[in-house]
Amino acid sequence: MSVANMAGHLIRRLNQRSTHVFQARLQQAGYDLTPVQFAALDALAATPGLDQATIAAQIAYDRATIGGVIDRLEQKGYVSRTISERDRRAREVTLTSHGRSVYDGVFPIVVTLQDDILAGLDAPEKHTFLRLAEKAIFGAGN
């Protein structure tokens, strides 16, 4: 078996493709947003007022570096942070009205670009791939 046929290598290549498609499509639409930044906005759209550690957990991102992601979103005016009333050490993050507008504009683009990521697969193969990817991720006890 060569490295080119190993799961880890193919997953890395698919991640590269996914990131490239995401960034190209969003740039074409006039947005400056990374996949991780979008995931954070998506978590906040679903549950406003999350703290940074919870955002990291929900998007499967490193807790140590989520602060930088939130910093960049705050600099762009997409989110605001306030000190939590429940835990003074935590900062709650919410979408600003501008952030909500950006999220609402980006979300349909992200939905449609999913087909471009798996362009080499037909509809039943895409369904099977997604089912197997979920099983590999969540069935492994993660």
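Predicted model: local features only at pLDDT ≥ 70, side-chain atom pairs only at ≥ 80, totals over all residues.
Residues are numbered from 1 along each chain as its sequence is written, and side-chain values use heavy atoms, with hydrogens and water left out. Local features need pLDDT of at least 70 and side-chain atom pairs count only at pLDDT 80 or more, while totals for chains, interfaces and linings use all residues.

Q: Which pattern does the protein follow, read along the sequence?
A: The protein has six helices and three strands. Helices (H or I, at least four residues) and strands (E, at least two) are DSSP runs, numbered from the N terminus. Read along the sequence, their pattern is α-α-β-α-α-β-β-α-α.

Q: What percentage of the 142 residues in the protein is buried?
A: The C-alpha trace spans about 55 × 35 × 25 Å along its principal axes. Buried means under 20% relative accessible area, exposed over 50%, and partly exposed in between (1.4 Å probe, protein chains only). Of the 142 residues, the buried ones make up 29%.

Q: How are H2 and H5 oriented to each other, roughly parallel or roughly perpendicular?
A: Helix H2 (residues 35-46) and helix H5 (residues 97-117) pack at an angle of about 115°, with axes 10 Å apart. Axes are lines fitted to C-alpha atoms, for helices over the stretch in contact, and angles run from 0 to 180 degrees between N-to-C directions. Angles under 35 degrees count as roughly parallel, over 145 as roughly antiparallel, 65 to 115 as roughly perpendicular and the rest as oblique. H2 and H5 are therefore roughly perpendicular.

Q: How many residues of the contact of H2 with H5 are nonpolar?
A: Phe 38, Leu 41, Asp 42 and Ala 45 of H2 make the contact with Arg 100, Tyr 103, Val 106, Phe 107 and Val 110 of H5, where contact means heavy atoms within 4.5 Å. Ala, Val, Leu, Ile, Met, Phe, Trp, Tyr, Cys and Pro count as nonpolar, Asp, Glu, Lys and Arg as charged, and the others, Gly among them, as polar. The contact has no polar residues and two charged ones, and the nonpolar residues number seven.

Q: What is the handedness of the crossing in which H1 passes H5?
A: H1 and H5 pack at an angle of about 140°, with axes 10 Å apart. That makes H1 oblique to H5. The crossing in which H1 passes H5 is right-handed.

Q: Is Glu 92 buried or exposed?
A: Glu 92 has its place in strand S3. Not counting residues up to four places away in sequence, Glu 92 touches Gly 49, Leu 50, Asp 51, Ser 80, Arg 81, Thr 82, Ser 84, Glu 85 and Arg 86. With a relative accessible area of 18%, Glu 92 is buried.

Q: What distance separates the C-alpha atoms of Thr 96 and Ser 80?
A: Thr 96 lies in the loop between S3 and H5. Not counting residues up to four places away in sequence, Thr 96 touches Gly 77, Tyr 78, Val 79 and Ser 80. Thr 96 and Ser 80 are 16 residues apart along the chain, and their C-alpha atoms are separated by 6.4 Å.

Q: What is the phi of Ala 60?
A: Ala 60 is found in the loop between H3 and H4. At 73% relative accessibility, Ala 60 counts as exposed. Although Ala 60 is not a glycine, its phi is positive, at about 55°.

Key: Left-handed = near helix turned anticlockwise from the far one by under 90°.
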